[in-house]
Amino acid sequence: QVHLQESGGGLVQTGGSLRLSCAVSGRTLSGYRMGWFRQAPGKEREFVAAISWVDSQTLYGASVKGRFAVSRDNARNMAYLRMNSLKPEDTAVYFCAADQKLDIRVPEYTYWGQGTQVTVSS
């Protein structure tokens with residue numbers, strides 16, 4: 001089965017930047033779309049970004065559009081989330097996800113990582 005593991009989280013000041021990485025193993029990601037989600041304590045899981053396999057089309061949640069950038073390196077089986085202009089409200093556990101359905105507008109994902117903590121301080 002596919003395994004995903006996030007890394008790159010940490011503590012950053014307001015206005016700072018972080019790049020999260022998602023390493024994929026166990027199966028090739030050929031044909032997979034990748035997504036990023038986040039969840040803060042006591043809040044619902046929130047869609048952050050998605051990227052397609054072939055043409056790298058992207059989709060962003062309204063709260064992060066213009067500040068975050070999702071990318072992927074298919075040869076390295078990696079996905080990334082560059083987060084700029086971070087705000088305290090970005091504090092959450094960030095998860096990467098993968099699914100074989102090609103449409104990045106589909107909200108469901110089959111495979112999930114364990115998450116990495118991002119904390120933004122004032």
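A polar contact is a pair of N or O atoms within 3.5 Å. That cut-off applies to the first view below, taken from a predicted model.

**View 1. Polar contacts of the Glu-6 side chain.** Glu-6 sits in strand E1, residues 3-7. Its side chain reaches the backbone nitrogen of Gln-114 at 3.1 Å. The backbone nitrogen of Gly-115 is 2.7 Å from a polar atom of the Glu-6 side chain.

View 2. Neighbours within four places in sequence aside, Glu-6 is in contact with several residues, including Ser-21, Cys-22, Trp-36 and Tyr-94. Phe-95, Cys-96, Gly-113 and Thr-116 are also among the residues that Glu-6 contacts.

**View 3. An open sheet of four strands.** The order is E1-E3-E8-E7, with antiparallel pairing. E1 and E7 (68-73) are the edge strands, and each pairs on one side only. On average, neighbouring strands of this sheet are turned by 15 degrees against each other, direction ignored.

**View 4. Pairing of E7 with E8.** E8 covers residues 78-83 and pairs with E7 over six bridges, in the antiparallel sense. Asp-73 stands opposite Met-78 of E8.

**View 5. The loop that holds Gly-15.** This loop runs between strand E2 (10-13) and strand E3 (18-25), and Gly-15 lies in it. Leaving out neighbours within four places in sequence, Gly-15 is in contact with Ser-85 and Leu-86. Asp-55 is 40 residues from Gly-15 in sequence; C-alpha to C-alpha, the two are 31 Å apart in space.

Key:
Residues are numbered from 1 along each chain as its sequence is written. This is a predicted model: local features need pLDDT of at least 70, side-chain atom pairs count only at pLDDT 80 or more; totals for chains, interfaces and linings use all residues. Side-chain values use heavy atoms; hydrogens and water are left out. Helices (H or I, at least four residues) and strands (E, at least two) are DSSP runs, numbered from the N terminus. Contact means heavy atoms within 4.5 Å. A polar contact is a pair of N or O atoms within 3.5 Å; within protein, one must be able to donate a hydrogen and the other to accept it, and residues adjacent in sequence count only if both atoms are side-chain atoms. Two strands pair if DSSP finds at least two bridges between them. Axes are lines fitted to C-alpha atoms, for helices over the stretch in contact, and angles run from 0 to 180 degrees between N-to-C directions.
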